[in-house]
Amino acid sequence: MVVGPEKLKEALGALGLKTGGTIQQRAERLFLTKNISLEKLDRKHFAKGSRKPEQNGVVATPHVGDVKEIALLEAKIRRLCDLLDETIVRTRENVEKKQALTYEEMEAEREEDDVQAESESDDEDQQIYNPLKLPMGWDGKPIPYWLYKLHGLGQEFKCEICGNHSYWGRRAYERHFKEWRHQHGMRCLGIPNTKNFNEITSIEEAKLLWERIQERQGVNKWRPDLEEEYEDQEGNIYNKKTYTDLQRQGLI
């Protein structure tokens, strides 16, 4: 009784016993556990809804059903994490990207969100409000304005080799040189699609560059009439063409 009513209440609650009554009743109830084990203690001393006496001790072991339930819950959580792995990664990247935005980009994105909020309607067939004529994203809505400016999607690049096809943004323009449309156009011109022709979109420029490359390759080829050397009896050195001409004239 010296420890007080609160300490007695905590001790009784830990054992699953009733915690009510006066301080003397609490002390007597707790004192019963000194010589009597919880398994042999009368059930009237236990609180309603408490666990079995054998489970109130420190050495209590969990029920098999509880273990199976916990294992099933862990398996479900692990499976859910696997299914949402890509979403979790995208969410993390989106948060990191937003943290790296400047004040101007954040304001532009906020303005775009306001515009989209005003244009939302319950009618799905209603035309989406897009005053800036931004490209549509994967969700069928205009992409954020800051993303539009970041990738330079307002810049149009035309390629004559691709049949005057338009590419929006520097990234799409640089990527198209390795795509099938540009490769097909180069094959039609009879020109190999090598790195030398990157940034070349005009048919005339491509042909001129191909001619210069062929001429440069021709200079590097072995030309025996100009580069093969001959020596006369006096030790003079001539190329094959000059030596043959002098020999025909009887000068050698």
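What percentage of the 252 residues in the chain is buried? In this predicted model, buried residues account for 20% of the chain. The fold is assigned 11 helices and 4 strands. Among contacts with a sequence separation of 6 or more, 21% link residues 24 or more positions apart.

Confidence was considered next. The chain has a mean pLDDT of 79, and 84% of its residues reach 70 or more. Over residues 54–59, however, pLDDT stays under 50. For that segment the model contains 10 contacts beyond four places in sequence.

A nonpolar patch on the surface is formed by Leu 80, Leu 83, Leu 84 and Ile 88. Together these four residues present about 360 Å² of accessible area. Leu 83, one of the members of the patch, belongs to helix α3, which covers residues 64–83. The relative accessibility of Leu 83 is 55%, and the residue therefore counts as exposed.

Charged pairs were then examined across the model. Side chains of opposite charge can pair when their charged atoms come close. The whole structure contains 4 salt bridges. One of them joins Glu 86 to Arg 90, with the closest N and O atoms 2.7 Å apart. Both residues are located in helix α4 (residues 85–99), where a spacing of 4 residues corresponds to about one turn of the helix. Arg 90 has a relative accessibility of 55% and so is classed as exposed.

A further salt bridge links Glu 107 with Arg 110, and here the closest N and O atoms are 2.7 Å apart. Because the two residues are 3 positions apart in helix α5 (residues 103–119), about one helical turn separates Glu 107 from Arg 110. Glu 107 is partly exposed, at 25% relative accessibility. Arg 110 is likewise partly exposed, at 39% relative accessibility.

Which parts of the chain does the salt bridge between Glu 199 and Arg 170 tie together? The side chains of this pair meet at 3.0 Å, N to O. Glu 199 is placed in the loop between α8 (180–189) and α9 (203–219), whereas Arg 170 is in helix α7 (residues 170–175), so the pair ties together parts that are 29 residues apart in sequence. Glu 199 is partly exposed, with a relative accessible area of 41%, and Arg 170 is also partly exposed, at 34% relative accessibility. Through salt bridges that share partners, Arg 170, Glu 174 and Glu 199 are joined into one network.

The backbone of Glu 199 was also noted. Most residues other than glycine have a negative phi. Glu 199, by contrast, has a positive phi, near 70 degrees. Asn 164 is another non-glycine residue with a positive phi, in this case near 60 degrees. Asn 164 occurs in the loop between β1 (156–159) and β2 (165–168). With a relative accessible area of 51%, Asn 164 is exposed.

An annotated region was examined last. An unreviewed UniProt entry lists residues 157–188 under "domain: Matrin-type". In the model, this span is 47% helix and 22% strand, and the C-alpha atoms at its ends lie 21 Å apart.

Is His 176 buried or exposed? At 0% relative accessibility, His 176 counts as buried, the cut-off for that class being under 20% relative accessible area. His 176 is situated in the loop between α7 and α8. When neighbours within four places in sequence are left aside, the contacts of His 176 are with Cys 159, Cys 162, Tyr 167 and His 182.

Methods:
Residues are numbered from 1 along each chain as its sequence is written. This is a predicted model: local features need pLDDT of at least 70, side-chain atom pairs count only at pLDDT 80 or more; totals for chains, interfaces and linings use all residues. Side-chain values use heavy atoms; hydrogens and water are left out. UniProt positions are given in the numbering used here, feature names are shortened, and annotations may be inferred rather than shown by experiment. Patches are made of residues with over 30% relative accessible area and no salt bridge: like charges are joined within 9 Å, nonpolar side chains (Val, Leu, Ile, Met, Phe, Trp, Tyr) within 5 Å. Accessible areas come from the Shrake-Rupley method with a 1.4 Å probe; for residues, only the protein chains shown count as cover. Buried means under 20% relative accessible area, exposed over 50%, partly exposed in between (1.4 Å probe, protein chains only). pLDDT is the predictor's confidence in each residue, from 0 to 100. Contact means heavy atoms within 4.5 Å.
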